[in-house]
Amino acid sequence: MNVFEVTATDGAARAGILRTAHGEVRTPVFMPVGTKATVKTLDPDEVAALGTQILLGNAYHLHFRPGDDLVAELGGLHRFMGWERPILTDSGGFQVFSLRDTMLALDEEGVTFRSVYDGAVARFTPELAAQIQTSLGSDIAMCLDVCAPAGVSGSQLEEAVRLTTLWATRQRDLPRAPGQLRFAISQGAANEELRRRSIEELVPLDFDGYAIGGLSVGEDRELMFAATAAAAPLLPAAKPRYFMGIGDPEGILRVIEAGVDMFDCVLPTRTARTGSALTWDGRLNLRNARFARDEGPLDAACPCPACTRFSRAYIRHLVNQEELLGLRLLTLHNLRFVLDVTAGARAAIEAGTLAAYVSQSLERLGHAR
């Protein structure tokens, strides 16, 4: 089976089809985050109705609660969470390294840390990360990597690249769930030489896809976009490219322009839970008193359930009274908004008009080029 097919290009940007065990995914694609086997506040049918093609789950959290062995016993992650479309699982590497105060030791064999759930000492190895994701039965399993935080020394960044390659080599041929794809993750932050080295070491291993990791972790935003634009063309043209951790409209458009096919982020759902909406007028804080009598929808152009039925004033009331419906409506809206931005970019690539689409979109969002 041809896992990935590029169907249209416009500059560096691509539209394509990613084929998985649970169906095809049309790219570029935004993946909502369902860390603990749920997109917070939403039913799977609601998530699907928004246009979601593929979800992300997390091996770290599911390994500890409820346990990947339990998920396997109950039929795998798709059956467990009632989601029939594709799922990508992160290896847990980002969680281990972003929760740095829990990390105890890092060596060639793996990483030792304290669980965020009970403080017990735990250890992840590349082999365990692969085994967990095999038990979960995801369509795409990510390799365990070393994700260095922003601002580390050159020697620390170089060590992260070395270990990431070493660990990827050990994961390449490990057992997989039926039809499961496995992606490697390049590291190197915004260091062009180290990023190139990481990619050059990983590409000969011939994974099913490749991710750009170690960005969107606190570095300068323009530096992040420049690093992405430099890294993407180094990745195999015939395989999917995944930027890990971006979900704001500007960021989505900029990485698509660079040639990225897949991306995920908690931003749309987390922003909703703080009472804010992503709109073409910018980010709206619904707690603000100026919306108290606003009868308009969150976004006049949006066809989501929140915008077609309810006013800003009503949603503000729900948010301020801490009613769960308010958070649900904002989550529905924010996800639909970023999914629609992404779908618009795909259509523009197919029409050869991406530059105009991005320019017009950023202007509407209030971002200067």
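Predicted model: local features only at pLDDT ≥ 70, side-chain atom pairs only at ≥ 80, totals over all residues.
**Exercise 1.** Work out which strands stand at the edges of the open sheet.

*Solution.* Start with the strand order: eight strands run 4-14-13-12-11-10-6-5, with parallel pairing. Next, look at the ends of that order. Strand 4 (29–32) and strand 5 (55–58) have a single partner strand each, so one side of each lacks a neighbour in the sheet. From one strand to the next, the twist averages 25°. Now zoom in on one pair: strand 6 (residues 87–90) and strand 10 (residues 140–142) are joined in the parallel sense over two bridges. Within that pair, Thr89 sits opposite Ala141 of strand 10.

**Exercise 2.** Classify both partners of the Glu24 and Arg19 salt bridge as buried, partly exposed or exposed.

*Solution.* First the contact: the two side chains meet at 3.4 Å, N to O, inside the 4 Å cut-off. Then take the relative accessible areas. Arg19 has 18% and is buried, because buried means under 20%. Glu24 has 48%, which makes this residue partly exposed.

**Exercise 3.** Find what the salt bridge between Arg176 and Asp208 ties together.

*Solution.* Check the distance: the closest N and O atoms are 2.7 Å apart. Then place the residues. Arg176 is in the loop between helix 7 (154–171) and strand 11, while Asp208 is in the loop between helix 8 and strand 12, so the pair links parts 32 residues apart in sequence. Finally, accessibility: Arg176 is partly exposed at 27%, whereas Asp208 is buried at 19%.

Definitions and conventions: Residues numbered from 1 in each chain as written. Heavy atoms only, no water. Pairing = 2+ DSSP bridges. Helix = DSSP H or I, 4+ residues; strand = E, 2+ residues; numbered from the N terminus. Axes fitted to C-alpha atoms, helices over the stretch in contact; angles between N-to-C directions. Buried < 20%, exposed > 50% of the residue type's maximum accessible area, 1.4 Å probe, protein only.
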